[in-house]
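Hi,

Here is the structure I promised to pass on to you. Have a look at it first, and then read on for what turned up.

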Amino acid sequence: MSSQLPRSPLAPAQFPALPEIDGISLYVTSAQIKYQGRDDVMLMLAEQGAVSAGMFTKSKTASAAVDTSRAALATGASRAIISNSGNSNAFTGRKGAASVASYCAVLADRLDLPAEQLMVASTGVIGEVLDARLMIDAFDALLEGQASWHQAAQAICTTDTFAKGATCQIELDGVQVTLNGIAKGSGMIAPDMATMLCYVGTDAAISQSCLQQLLTRAIDKSFHCITVDSDTSTSDSVYAMASQKAGNHPIDSLDTDSARTFEAALTELLTELAIQVVKDGEGATKLIKISVSHAADEQDARAIALSVANSPLVKTAIAGEDANWGRIVMAVGKSGALIDRDRLAISIGGITIAKQGEAVEGYDEAPVTAHMKGQQIDIEIDIGQPDGAGHACIYSCDLTHGYISINADYRS
């Protein structure tokens, strides 16, 4: 993590206790790519027989790491991810691709794996080629001993002010199944598939096809429902590995109770990680929850919620603890969704302040003002469409001077 940044006021009290996952090992070390005196390289390695899934950024300027991971995942046999922080190796052309190929070849030989099965994740500055020699020289130390999930979560951080982790346990076929997850991200967050970087490990027995489909569905309900600054990263990647060690009957169909139980747990895990990312939004002091109901459809509901969540005027008003609901009206109106102005209702902190297209006459602003001073701001928007079935919930954060300071000095 960046020791120069103060810990987010929204950070959890401590990193959760993540148990070991049978069949999955973690390793960390320092390559001093950008950060001194801290780990910045992480390896996640599963035993033979494990399956992997992943989702990656839709950015047209995706990094060399993303290209490599997509190709590795397509082999159907990938079970290792090498990650670094401090340099995203994005928009580095053939030199960036050659760097990845160079250090992956060395690591694959050390791990006795085909190089084409090795996935890669990089995060940090865009436009600078990652020095392959720094990675290669770090591999001896990397493989000396296994690391904890907490150490792995720390190694992947850039401007994060706290390491992000979550775990849950479920019962499938009478046996306990564990899911662990770690993530990094605090800026350039408007995921167009996932988040900056996220890694999930589980001991569940599940087919690669089912793991991929359930991961895709869980991401749509979690990382696709957050935004910090409306920017989509060149490096967005979510990885999942299942070691098959738990002993449950293998999940090979989505139409089973086991698949539904696993999906619910995976969605819960990713949602917790996604909210932690928002809580660590660069310069953030408040978590914003925006709920939209009775829109024409889910697509409209999400468009409205994101329009409010990404509005600089809404976000700065919340930073200033100003209950300026007119800015919410503005953001709803520009969303492009189907809206009847005279059916619209808006509530903040459970207090309805506008309905039927106008302010509630004589509403008491005092409890709204008090709510604005808290760390979580709840905004509810009822579109009022007759038979409107569209609902959405998006998480965002306020926009403060801290965001400007962090990003103005990011490369220095």
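Let me start with His 371: setting aside neighbours within four places in sequence, this residue is in contact (heavy atoms within 4.5 Å) with Ile 348, Gly 349, Gln 376, Ile 377 and Asp 378. His 371 sits in helix H10 (residues 366-372), and at a relative accessible area of 17% it is buried. Buried here means under 20% relative accessible area, exposed over 50% and partly exposed in between, with a 1.4 Å probe and protein chains only. Helices (H or I, at least four residues) and strands (E, at least two) are DSSP runs, numbered from the N terminus.

Before going further, a word on the basis. This is a predicted model, in which local features need pLDDT of at least 70 and side-chain atom pairs count only at pLDDT 80 or more, while totals for chains, interfaces and linings use all residues. Residues are numbered from 1 along each chain as its sequence is written, and side-chain values use heavy atoms, with hydrogens and water left out.

Next, the sheet. Four strands form an open sheet in the order E1-E2-E4-E5, with mixed pairing; two strands pair if DSSP finds at least two bridges between them. Its edge strands are E1 (24-29) and E5, each pairing on one side only. From one strand to the next, the twist averages 15°. Axes are lines fitted to C-alpha atoms, for helices over the stretch in contact, and angles run from 0 to 180 degrees between N-to-C directions. E4 and E5 run parallel and are joined by 8 bridges, and Ile 82 stands opposite Val 120 in E5. Helix H2 packs on this sheet, touching E2, E4 and E5, and its direction makes about 135° with that of E5. H3 lies across E1, E2 and E4, at about 120° to E1.

The buried residues of H2 are Gly 96, Ser 99, Val 100, Tyr 103, Cys 104, Leu 107, Ala 108 and Leu 111. Seen down the axis of H2, these fall within an arc of 150°, so they line one face of the helix; the arc is that of the directions from the helix axis to the C-beta atoms. On the face turned away from the buried side are the exposed residues Arg 94, Lys 95 and Asp 109. After H2 comes Asp 112, whose phi is positive, near 60°.

Helix H9 (residues 325-333) has Ile 328, Ala 331 and Val 332 as its buried residues. They fall within an arc of 100° seen down the axis of H9, so they too line one face of their helix. Val 332 is also among the contacts of Ile 383, a residue in the loop between strands E14 (376-382) and E15 (390-397). Ile 383 counts as buried, at 0% relative accessibility.

Finally, the cysteines. The whole structure has 0 disulfides, a disulfide being a pair of cysteine sulfur atoms within 2.5 Å. For Cys 168, the nearest cysteine sulfur is that of Cys 198, 12 Å away. The sulfur of Cys 225 is 7.2 Å from its closest cysteine sulfur, in Cys 393, which is too far for a bond. Cys 225 is buried, with a relative accessible area of 11%.

Best wishes
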